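Please consider the structure shown below.

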Amino acid sequence: MSPSGKLHVLAHPVVNARLSKLRQTSTTPKEFREGIHDISLILGIEASRDLEEETFKGTTPIGPFTGSVIKPKIGLTPILRAGMGMTDALLNLFPDAQVYHLGIFREKVSLQPVEYYSKLPPNPTVDEVFLLDPLIATGGTACAALNMVIEWGIPVNRIKLLCVLASQDGLSRVQSEFPGVEIWAAAVDPQLTPNGLVSPGLGDTGDRLYNTLKGSD
């Protein structure tokens, strides 16, 4: 883990091996989903290290003990549709979390984010949000989602942005527009292509998760 301000990049051999598998074009949709799940689980564990705990007194068959539960109410906000690939892993950690889907797509010519769906209720019902976006390329989609969550009423310092892979340019944009947000990434690639794709990247995460690549049928 290499923290730089609010940015944390995992440095773990298991993560590196899973990510290398995800990059390969020969990786099947099933293997791709499993890899996204495994990396998301590790991201969730690392990103939740500082969650506040509440203690309670309990009893075992041998005697009393002091236990703990996570105090803040956690909300998971996956960005459709690729963010759904991270959701089950986070629900394993936070089984009582509330899940609020956000629909945002990147317009192919302008590369600007377009919002088309929000499941956020009128008022916040959670204390902290894990925003799930597997791939941060230009950073536009992540910034749009952050704006939506902040306008909903969650302070930026109560949002954790989790991504499997990001570009350096995308991260710089997110950090510039939202310096208070905590970002957890499994890895960072150095470049963007002229079409705004992460290089070397993973390809289209949503298509690879759900086997909808052109020619896959």
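The paragraphs below begin with the basis of the values and then turn to the pockets.

The model is predicted, so local features are given only at pLDDT of at least 70 and side-chain atom pairs only at pLDDT 80 or more, while totals for chains, interfaces and linings use all residues. Residues are numbered from 1 along each chain as its sequence is written, and side-chain values rest on heavy atoms, with hydrogens and water left out.

Rolling a probe the size of a water molecule over the atoms shows where empty space is left. A pocket is an open set of points on a 1 Å grid over the protein atoms alone, where a 1.4 Å probe fits and protein lies on both sides within 12 Å along at least five of seven lines; lining residues have an atom within 4 Å of a point. A volume is the space filled by probe spheres set on the points, which are joined across faces, edges and corners. The largest pocket has a volume of about 1100 Å³. Its lining consists of 37 residues, and Arg106, Leu135, Leu197, Asp204 and Thr205 are those nearest the centre. At least two lining residues come from each of strand 5 (74-80), strand 7 (102-106), strand 10 (135-136), helix 4 (140-152) and helix 6 (205-210). Helices (H or I, at least four residues) and strands (E, at least two) are DSSP runs numbered from the N terminus. By class, the lining of the largest pocket holds 18 nonpolar, 11 polar and eight charged residues; Ala, Val, Leu, Ile, Met, Phe, Trp, Tyr, Cys and Pro count as nonpolar, Asp, Glu, Lys and Arg as charged, and the others, Gly among them, as polar.

The second largest pocket has a volume of about 190 Å³. Among its lining residues are Lys73, Ile74, Phe94, Gln98 and Val126, and the lining divides into eight nonpolar, one polar and three charged residues. Val126 lies in the loop between strand 8 (113-118) and strand 9 (128-132). With a relative accessible area of 7%, Val126 is buried (under 20%; exposed is over 50% and partly exposed in between, for a 1.4 Å probe and protein chains only). Not counting residues up to four places away in sequence, Val126 touches Lys73, Ile74, Gly75, Gln98, Tyr100, Trp152 and Ile154, where contact means heavy atoms within 4.5 Å.

Thr87, in helix 3 (residues 84-93), is buried at 7% relative accessible area. Leaving aside neighbours within four places in sequence, Thr87 is in contact with Leu76, Pro78, Val99 and Leu132. Ala186 is found in strand 12 (residues 182-189) and counts as buried at 1% relative accessibility. Beyond four places in sequence, the contacts of Ala186 are Val9, Leu10, Val15, Ile39, Leu43, Cys163 and Val164.

The aromatic rings remain to be described. Rings of Phe, Tyr and Trp (its six-membered ring) pair if their centres lie within 6.5 Å; planes under 30 degrees apart count as stacked, over 60 as edge-to-face and the rest as tilted. By this rule the count comes to four aromatic pairs. The pair of Phe56 and Phe65 is edge-to-face because the ring centres are 6.0 Å apart and the planes stand at 80°. Phe56 is partly exposed at 37% relative accessible area, and Phe65 is partly exposed at 35%. Phe94 and Phe130 form a tilted pair, 5.3 Å centre to centre with 45° between the planes. Phe94 lies in the loop between helix 3 and strand 6 (98-99) and Phe130 in strand 9, so this pair ties together parts that are 36 residues apart in sequence. Both Phe94 and Phe130 are buried.
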